[in-house]
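Here's a quick briefing on a helix crossing and a chain-to-chain interface. Have a look at the model first, then read on.

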Number of protein chains: 2
Amino acid sequence: MKAEIITIGDELLIGQVVDTNSAWMAERLNECGIELFQITSVHDNREHIIAALDEAFSRADIVLTTGGLGPTKDDITKHVLCEYFGTHLIEDTRVREHIYDLYRERPDVLNRLTATQWLVPECAEILENRVGSAPLMVFRPGDKILASMPGVPYEMKIAMEEQILPYINGIQHSEVRIQHKTLQVNGIPESSLAILLEEYENSKPEYLHLAYLPKDGIIRLRLSSYGEATEAEMNEWFDRLKMLVADYMIADTDEPLEVIAGRWLQERGATIATAESCTGGKLASLLNRHSGSSAFYWGSIISYDNSVKERLLGVPSEMIKAHGVVSEAVVRQMADAVRKQIGTDYAIATSGVAGPSGGTPEKPVGTVWIAWTTPDGTSAECFHLGKLREQVTDRACQKALVGLIQILKHQQPVAKHQ
Amino acid sequence: MKAEIITIGDELLIGQVVDTNSAWMAERLNECGIELFQITSVHDNREHIIAALDEAFSRADIVLTTGGLGPTKDDITKHVLCEYFGTHLIEDTRVREHIYDLYRERPDVLNRLTATQWLVPECAEILENRVGSAPLMVFRPGDKILASMPGVPYEMKIAMEEQILPYINGIQHSEVRIQHKTLQVNGIPESSLAILLEEYENSKPEYLHLAYLPKDGIIRLRLSSYGEATEAEMNEWFDRLKMLVADYMIADTDEPLEVIAGRWLQERGATIATAESCTGGKLASLLNRHSGSSAFYWGSIISYDNSVKERLLGVPSEMIKAHGVVSEAVVRQMADAVRKQIGTDYAIATSGVAGPSGGTPEKPVGTVWIAWTTPDGTSAECFHLGKLREQVTDRACQKALVGLIQILKHQQPVAKHQ
């Protein structure tokens, strides 16, 4: 079964909004055995939306649209769908009651524009949008399905999970099992990896697809099957892949590095702190991004200004004078100090030139020192991470986490020092 | 002049990668007076790519493709373009020399797969990809343009800015002036805002488009013109809009809140620190995300674990026992303490229940206390920010920044206390 997504909104086509919805929807569709064939972003324009609907229905069984459902003049999706399916708007008392209920404590929202939200296309099935005023509309042209939902990400997510996907599964349950398995490697160029895997690629069944996704030095290797492979077969070929790349593998899942590092910390019964200069709290917020992180992440000292390094992390001003603030001596001191101050088993410190200014011939923009302190001692490494500020700080966090994972993989559980 | 983007890669259609490229490209195209008509994401599949090319050329003058240019088997864009334009691959000595140069210090990358990267379609013009091995290819079917570039975001950005856009401008310079102007309002529902602006919307010229982009309580109002309006006319109607929404306006640009807050801080000659619990460093990393932030942002204490609140921020354990860690008393103490510790003029503190666990009937998930300390005193406010962890922490940062902007707008420049 094939689906397509049409995202509707001028904001997507002038670059004011990044479409994060489609990737999330794609994952959920795959989990239900539905292949996503194409994503199309179109303007809030009648002819454009109609043309995209025609094209999508010529290829797919299920068409999902997001966006264009607000009460303001620029949102036209509902009207265009009415025209497309030859129907007209009628008042839906259930939707009206829901909206009254939603805004019970905010009567100022219940104005005449909000009232247009309970007008719905007569031939559509209306599903409940628990968290918003835009109705979720389902149309059934022939044996196909069109579902229209809001573009606001959290409304779309609740709509998909609670309403649209159960609805689709109830009507067109897919027996196809789409499988993806991903592992992550570090420290080998893409072309060398492909040569290492040449025999593997030539011997695997045609219906197992291997994809390479390189980013910032890490390559994700994904094995996919769209229905043909059994689970056992998939596991067997994935295990072979793992064996072949064992020397470079940092994870056998597609999870973010901070999740992998967090799991290792929890398995070791260990806690961590960070002292950050150039990464400015980004590493901290990665480490506590996911639920359960309070089990291992305790806190950080973000010492953006040098006075903070001196006062809160005990970096002597002479050390900064002698070595510079981006130096092995300084990051080692930062890591050791924050581990003591916060009272954790591990600590990571970063200091670098994120740019665009601040670079020198010896320490150009992109130079980052990272230190890792463990119950067994401290290590540090210097990296050169490019020229763009956001890239430098993102990559510094990535290097910090890869280093942490590599340390944790090879260490014994720590004896708690508290 | 119309352009379309075709993003190529299975990873986009199984949800493994979010397409951040298209929004960035759309902005750059608009700046050059080129309208982006449609974005289409397709699989690494010959028939699919060819169909998308046919459709895009039927609508647009310029087609930009990203992705599928790596040296591995799953990347097929170059071969499909060869077939599409009826040409074949030839060796390009300039590309070969560039690749040798690029990997001078990494001879392990110069293997036989990398060597396929200097094979290019005979009829294509090859532009220099300064930072990668995939050739940038330009085809000229009739008076149209197709440019193919890598999907890795930073390679794409450098390619667009240094090569593709100058190339397009050289051939089809657009005299059309696409203008967008955006302001941001807070504290008014979308439907009420639309009623407030009803007369404005009815009286403005047809060719000025007004769009409403609501997200998490903030609404961005965008006025757009695709060539018809003069700059003076655009400014006049934007100024009228500003006057009408003055009571709710927090910024008259589309810049992120942290940039607006940072500019206010710099104008006031003031510095800031944060003490974060539930936001875990996210607010810090926003404040120092952009270049120049070291002028106003000095540092943070991230006190995720309560022991850190007690030890580094002087929150008495009795206070936590009496009021709970998510309380007005605790965030006020955190803000005051971090301002003193770091030695800044301003400070913000956050403490909340980010979830999914940790909620109670009195303080459910989403409850967040925020305190702002200024040279004139401390204020605090409690918010309820939803149920999803990432949403709660994102919105908490947003509320913290909106509150800061509102304080800074109404305050005099501070007398430096150092």
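Is the crossing of H3(B) and H4(B) left-handed or right-handed? It's right-handed, where right-handed means that the near helix is turned clockwise from the far one by less than a right angle, and left-handed means anticlockwise. Keep in mind that this is a predicted model: local features need pLDDT of at least 70, side-chain atom pairs count only at pLDDT 80 or more, and totals for chains, interfaces and linings use all residues. Residues are numbered from 1 along each chain as its sequence is written, while chains are lettered from A and ligands numbered from 1 in the order in which they are written.

**The helix pair**
- The axes (lines fitted to C-alpha atoms over the stretch in contact, with angles from 0 to 180 degrees between N-to-C directions) of H3(B), residues 46-59, and H4(B), residues 77-84, come within 10 Å and cross at roughly 55 degrees.
- Helices here are DSSP runs of at least four residues, and strands are runs of at least two, numbered from the N terminus.
- H3(B) and H4(B) are therefore oblique to each other; oblique is what remains after under 35 degrees (roughly parallel), over 145 (roughly antiparallel) and 65 to 115 (roughly perpendicular).

**The interface**
- On the chain B side, 77 residues are in contact (C-beta atoms, placed from the backbone, within 7 Å) with 79 residues of chain A.
- Strand E14 of chain B, residues 297-303, gives the most to that side, with seven residues.
- E14 of chain A pairs with E14(B) in the antiparallel sense over five bridges; pairing takes at least two DSSP bridges.
- Within this pairing, Ile301(A) stands opposite Ile301(B).

Key. Contact = placed C-beta atoms within 7 Å.
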